[in-house]
Amino acid sequence: MIIGVVVLLIIIIIVLVVYNISIHRKIENFSNINQKITSLNVLQDFMNTISESSSVDEKIKKINDIIIERYEIKYSTIVIFNGAEYLLKASNVDEKHWDTLKNLHKEEVFKESIQTARPKYITVNNEQERLPYQKMEFGRAKSAIFFPLYIDNVYIGYWIIESSVPHDFDHVDTTILEVIKENIITVLKTVQNQKVIESIVRKDKFSGLNSAEYLYGKGKKIIDKYTTSAVTMFRITNLEKINDTVGRKTGDRVIQEVSEFVKKNIAPEYVFVRYMGPKFVIVFSGVEAESVIDFIKSLKQKMEKLEIEQVEEVKKKQKVSPTINFVVSTYYKGTGMEEITKKLEEYLDQAESGEHDISYI
């Protein structure tokens with residue numbers, strides 16, 4: 001009888017052990033699936049952020065916010081090295097600590113990590129200790145993981161996450177963190193071209209207008225507040241002739257007066273740039289292309305009535321008037337502005353020199 005009970009108990013114990021192992025495996029599988037789903041969702045959030053019509057710096061801050069929220073990380077900081085200096089691009093740490101955080105590359109504890117491109121985990125054992133890079137703070141961070149960032153084997157900065165709990169990252173899934181790091185690098189790589197465009201926007205000295213690059217950065221942010229916008233490009237078709245027969249200084253004055261006239265006659269929310277040479281672009285944000293035709297016709301007529309006196313010192317000064325050729329198209333939010341402007345430019349460059357109609361393409 002006793003032996004039978006013992007055998008039964010052993011069988012029950014074995015069944016329970018097998019059941020517990022099965023449940024544990026199911027929990028692990030569920031956890032892995034859940035982590036994969038979370039990672040995919042975060043990646044989608046990253047991609048959505050890339051496509052937004054915001055500046056590069058705003059996109060990096062948004063990415064950092066996503067990391068903090070979706071992975072419940074206490075502190076997250078992204079620092080970029082631009083070749084000359086380290087710039088803190090995103091952080092939820094109090095600003096008084098930013099100088100320390102953007103100089104972590106100088107800390108001995110992280111130098112090897114940067115050289116080997118491997119993450120570095122540091123922590124303290126009790127509340128009285130502090131991390132090596134902390135100079136004047138005790139309570140904020142008690143553990144941290146430092147990730148050097150590389151694009152195509154070129155060092156571009158680092159990402160550091162911190163916790164206020166000692167040994168908080170001892171059992172963290174580093175695979176997930178590596179995925180996040182790679183996603184950060186992907187985003188930074190993707191927005192590099194946008195950053196270049198934003199940095200080369202300049203003011204044209206004759207017209208006082210932003211250069212064409214403005215359309216693809218800050219200008220696009222304004223334009224993309226609307227689903228569709230009318231894009232117009234116009235060319236001063238006789239500018240080269242004025243330069244050759246009257247004088248280049250007078251040609252520059254024509255550019256100045258035409259630019260000033262257009263600026264005074266369009267609403268401030270519309271984007272107006274000097275595209276290249278005798279070509280200019282006006283984007284009527286949120287306006288249908290068909291709706292601007294009559295306005296453009298009127299604007300063109302008034303522009304061509306401008307009389308600009310010759311600037312060069314000559315005995316008998318001439319007066320010149322610009323001749324203008326306009327072309328109009330529609331821009332749809334989310335599409336390539338550069339494709340629209342390229343199409344408009346090609347049309348104007350191929351148009352007959354005497355063409356004066358308002359063309360819609």
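The largest nonpolar core here has 31 residues, and Phe-234 and Met-303 have the most contacts inside it. A nonpolar core is a set of buried Ala, Val, Leu, Ile, Met, Phe, Trp, Tyr and Cys residues joined through side-chain atoms within 4.5 Å; buried means under 20% relative accessible area, exposed over 50%, and partly exposed in between, with a 1.4 Å probe and protein chains only. At least two core residues each come from β7 (228–236), α8 (239–245), α9 (248–265), β9 (279–284), α10 (289–303) and β12 (324–332). The largest share, six residues, is α10's. Helices (H or I, at least four residues) and strands (E, at least two) are DSSP runs, numbered from the N terminus.

This is a predicted model, where local features need pLDDT of at least 70 and side-chain atom pairs count only at pLDDT 80 or more, while totals for chains, interfaces and linings use all residues. Residues are numbered from 1 along each chain as its sequence is written, and side-chain values use heavy atoms, leaving out hydrogens and water.

Back to Phe-234: leaving aside residues up to four places away in sequence, Phe-234 touches, among others, Val-258, Phe-280, Met-303 and Leu-348. Contact means heavy atoms within 4.5 Å. Apart from this core lies another one of 23 residues, including Ile-60 and Leu-188.

Zooming out, the chain has eleven helices and 13 strands, and 44% of its 361 residues are buried.

Now for the loop between β4 (143–151) and β5 (154–163), where you'll find Asp-152 and also Asn-153. Most residues other than glycine have a negative phi. Yet Asp-152 has a positive phi of about 50 degrees, and Asn-153 one of about 65 degrees. Asp-152 counts as exposed at 57% relative accessibility, and Asn-153 does too, at 76%.
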